[in-house]
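Here is a short tour of a protein model with two chains. Keep the sequence and the 3D view open as you read.

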Amino acid sequence: MDQRKARPAHPAPIRIMHWMGVYAMGCMIFSGWEIYNASPNLPFMFPAWTGLGGWLGGALAWHLSAMWLLFADGIAYLIYGFASGHFRRDLKPPRPSEVAHDLDAALCFRLKHRMGHYNAVQRVLYAGVIAAIILQVMTGLAIWKPVQFGWLTGLFGGYPIARGIHLTTMFGIVAFVLVHVTLVAIHPRTLKSMIVTVPTETEETP
Amino acid sequence: MSTQCNKPAVSVAEIRPELDRLRRRGFLRNMLSLGSLAMLTGCDLSTHSGVDAALEAILRFDDKVQAALFNRHRLAETYPASAITHPFRFNAYYAEWQVRPVPDNWVLNVSGLVTDRRPWTLSALMALPQQGQITRHICIEGWSQIGQWSGVPLGVFLRRIGADLSARYVYFKCSDGYSTSIDMASALQPQTVLALDFEGKPLAPQWGAPLRLRIPTKLGFKSAKNLEAIEVTNKYPGGYWEDQGYDWYAGV
């Protein structure tokens with residue numbers, strides 16, 4: 001029991017990988033917006049001041065550089081997540097009834113937040129964004145190398161569709177970030193727990 | 001040849017490529033944006049040289065990765081004639097009304113690491129073996145379209161002029177001021193052709209008359225139009241966009 005109490009809400013490797021991921025994903029999203037703006041295929045553009053790179057060539061340089069950081073960070077996180085038991089312990093797929101219960105509580109602002117424990121809604125969102133980032137890397141490879149990785153591009157329905165999925169998934173990740181940052185703003189102590197060692201809060205009922 | 005020369009006035013849309021070019025000077029000149037401020041916190045924003053150098057170094061690493069991923073025998077997907085994009089989009093570093101006619105007495109000059117430097121006339125090129133393709137042209141901007149080209153496989157041509165096939169680069173110079181270069185492995189990929197025809201007809205000026213490169217294993221800006229000279233070399237030749245910061249290898 002003591003051992004469990006001593007466990008930090010977020011172990012140091014998770015905290016380091018989280019912030020590296022924030023930086024890498026920020027570079028990818030903002031440079032991606034600049035790349036999209038070079039030839040918008042939908043009736044909207046991203047505001048020019050949000051772009052990273054200054055012009056298409058600069059944005060691509062950022063995108064094709066930050067991708068390595070995102071990829072390395074993501075692989076390290078997946079290995080750590082499986083090896084340490086983080087996924088098994090913290091991201092166990094919830095039952096639909098748990099999700100319904102916790103979502104209802106969350107929307108009524110009744111959902112308790114215990115440091116170091118994820119409720120059903122959090123588990124769905126965190127697993128969802130991990131899946132979205134994996135999909136984003138795969139569609140990214142498909143549109144970066146549609147000839148050399150033609151099988152992968154074909155899996156996504158060809159180059160134009162893979163490009164559309166890449167854009168759509170970005171919106172999903174941005175939506176996650178908005179919800180995530182809003183919830184951190186409501187519970188600021190969770191921000192501290194992602195920076196310094198904060199102990200896990202014990203279960204109220206054993 | 002140019003049928004667009006009696007257009008009355010110049011609109012902003014028409015000179016947009018030039019306006020855009022004036023704005024792009026190095027990677028980070030216009031970097032005072034949300035993205036840049038967020039990403040560069042802690043870097044020296046007054047001199048961007050360190051960040052620029054890092055990005056350029058990673059792009060060179062990317063080029064090595066791309067060359068390693070490239071397989072000379074892997075073919076770009078081909079499509080039925082029904083998949084061809086109509087109308088086909090014009091693209092160049094200038095607007096379509098600025099397309100220039102073919103220079104008088106056009107020949108293709110050959111130089112560098114080759115044994116036969118005689119220039120080539122159009123009829124001499126037409127006498128070489130021809131090969132057609134319907135492939136996807138993918139622009140670095142993200143859009144793509146399917147077109148039909150035919151012409152002389154570049155590998156056939158390079159062997160014909162006695163090119164050193166172990167040389168690193170093939171450089172293309174164009175009559176419209178454009179230029180680009182590719183690696184020898186990509187030059188020898190069987191779908192890389194010196195195209196003479198587009199959609200079954202001899203190339204019109206806006207599609208690169210009289211001779212263009214068509215390379216479906218690279219981004220569109222590598223398929224240089226209006227060729228006038230080819231050089232085989234071991235010295236990095238760069239190119240119009242490459243010199244401004246586009247990733248040189250640009251493989252797909």
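Read along the sequence, chain A runs α-α-α-α-α-α-α-α-α. That gives nine helices and zero strands. Helices (H or I, at least four residues) and strands (E, at least two) are DSSP runs, numbered from the N terminus. The model is predicted: local features need pLDDT of at least 70, side-chain atom pairs count only at pLDDT 80 or more, and totals for chains, interfaces and linings use all residues. Residues are numbered from 1 along each chain as its sequence is written, while chains are lettered from A and ligands numbered from 1 in the order in which they are written.

**Chain A as a whole**

The C-alpha atoms of chain A fill a box of roughly 55 × 35 × 35 Å, taken along the principal axes. Of its 206 residues, 29% count as buried. A residue is buried if 20 or more other C-beta atoms lie within 10 Å of its own, exposed if 12 or fewer, and partly exposed in between; the C-beta atoms are placed from the backbone. Take A:Ile16, in helix H2 of chain A. A:Ile16 counts as partly exposed because it has 13 C-beta neighbours inside 10 Å. Its C-alpha atom is separated by 21 Å from that of A:His187, 171 residues apart along the chain.

Two residues are in contact if their C-beta atoms, placed from the backbone, lie within 7 Å. In chain A, 61% of the contacts with a separation of 6 or more join residues 24 or more positions apart.

The contact takes 12 residues from domain 1 of chain A and 12 residues from domain 2 of chain A. On the domain 1 side, H2 and H3 of chain A are the elements that give two or more residues. H2(A) has the largest share, five residues. By class, this side has five nonpolar, four polar and three charged residues. Here Ala, Val, Leu, Ile, Met, Phe, Trp, Tyr, Cys and Pro count as nonpolar, Asp, Glu, Lys and Arg as charged, and the others, Gly among them, as polar.

**Where the chains meet**

How many residues of chain A are in contact with chain B? There are 31, and they touch 38 residues of chain B. On the chain A side, helix H2 (12–38), helix H3 (56–83) and helix H8 (159–186) each give two or more residues. The largest share, eight residues, comes from H3(A). This side has 16 nonpolar, 13 polar and two charged residues.

Now look at H8(A). The expected span of a helix is 1.5 Å times one less than its number of residues. For the 28 residues of H8(A) that should be 40 Å, and the end C-alpha atoms are 41 Å apart, which agrees. Buried residues in H8(A) include A:Tyr159, A:Ala162, A:Arg163, A:His166 and A:Thr169. An α-helix has 3.6 residues a turn, so residues three or four places apart point the same way. The buried residues of H8(A) pack against helix H6 (120–144) and helix H7 (150–155) of chain A, together with strand E2 (131–138) and strand E3 (144–153) of chain B.

**Cores**

A nonpolar core is a set of buried Ala, Val, Leu, Ile, Met, Phe, Trp, Tyr and Cys residues joined through C-beta atoms within 7 Å. The largest has 42 residues; A:Met28, A:Trp62 and B:Ala250 are among those with the most contacts inside it. H2, H3, H6 and H8 of chain A give two or more residues to this core, together with helix H3 (49–69) of chain B. Leaving aside neighbours within four places in sequence, A:Met28 is in contact with A:His63, A:Ala66, A:Met67 and A:Leu70. Apart from this core lies another, of 31 residues, including B:Leu158 and B:Leu194.

**A strand in chain B**

Strand E6 (residues 193–198) of chain B has five of its six residues buried, so it is largely enclosed by the rest of the structure. Two strands pair if DSSP finds at least two bridges between them. E6(B) pairs with E3(B) in the antiparallel sense over five bridges. E6(B) also pairs with strand E8 (residues 212–214) of chain B in the antiparallel sense, over three bridges.
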